[in-house]
Amino acid sequence: MKVKDSHLIEKHKGRDKQEYRRLSGRTYEQFKKDIEKGHRDERKIIERYAKFYKVKTGRDLHIIDNGVDNTGEFLDVSKVKDDADFVVNGKLMEVKIIKDDLFQFRLKLNLLKSYIKQDANVLVVLGWETDTPKFTILNKEKLQHIVKFGKKYVSGDWEGKPTVVIYRNSYEWSYLPF
């Protein structure tokens, strides 16, 4: 938490407390920058995935924005929802970005359950900020397996929400073209 925001701990209650928690120690300005960058990166990823798909199958993907807002605008916490980011060829798809090429990473348990309920696929990109980003797609069956059997943790750095550990070598990965 930034020192200049420490007064907010006492001020925030109810919905405001939820808003404060989602900042995860960042200022509003930094949080807004992170949201904008995340949305730009998601757009780049879905476009690069479409290139991969075209080369592999010879067909174009039909991609429609879904979710609450894919512009990168800062939304009030009351408007934030768990809807998948895109509809790809009629199927809901969420994009999850792991910046580094890690052996293991975490995703929030409540979001995985939401994607299962939505029957959405999750396009996970590993090593996004490296020279060789790769991806895998987690379908409903894989997500159910992760939720049922994955190691679960609660950590303060993720708003105190339960997370599930996912191991890179449990899935096949393809390189994401430029």
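1. Three strands make an open, antiparallel sheet ordered β4-β8-β7, where strands are DSSP E runs of at least two residues and helices H or I runs of at least four, numbered from the N terminus; two strands pair if DSSP finds at least two bridges between them. The edges are β4 (104-108) and β7 (152-154), each pairing on one side only. Neighbouring strands here are turned by 40° on average, direction ignored.

2. A word on the source: this is a predicted model, with local features needing pLDDT of at least 70 and side-chain atom pairs pLDDT 80 or more, while totals for chains, interfaces and linings use all residues. Numbering starts from 1 along each chain as its sequence is written, and side-chain values use heavy atoms, leaving out hydrogens and water.

3. β7 and β8 (residues 162-167) run antiparallel, joined by three bridges. K152 has V164 in β8 as its bridge partner. Helix α4 (residues 109-118) packs on this sheet, touching β4, β7 and β8, at about 70° to β4 (contact: heavy atoms within 4.5 Å; angles: 0 to 180 degrees between N-to-C directions of axes fitted to C-alpha atoms, for helices over the stretch in contact). α5 packs there too, touching β7 and β8, at about 65° to β7.

4. The other sheet to look at is open and mixed, with six strands in the order β1-β2-β3-β5-β6-β9. Its edge strands are β1 (63-65) and β9 (174-175). Within it, β3 (residues 91-98) and β5 (residues 121-126) pair in parallel over six bridges, and K96 sits opposite V124 in β5. α5 (residues 140-149) packs on this sheet as well, touching β5 and β6, at about 90° to β6.
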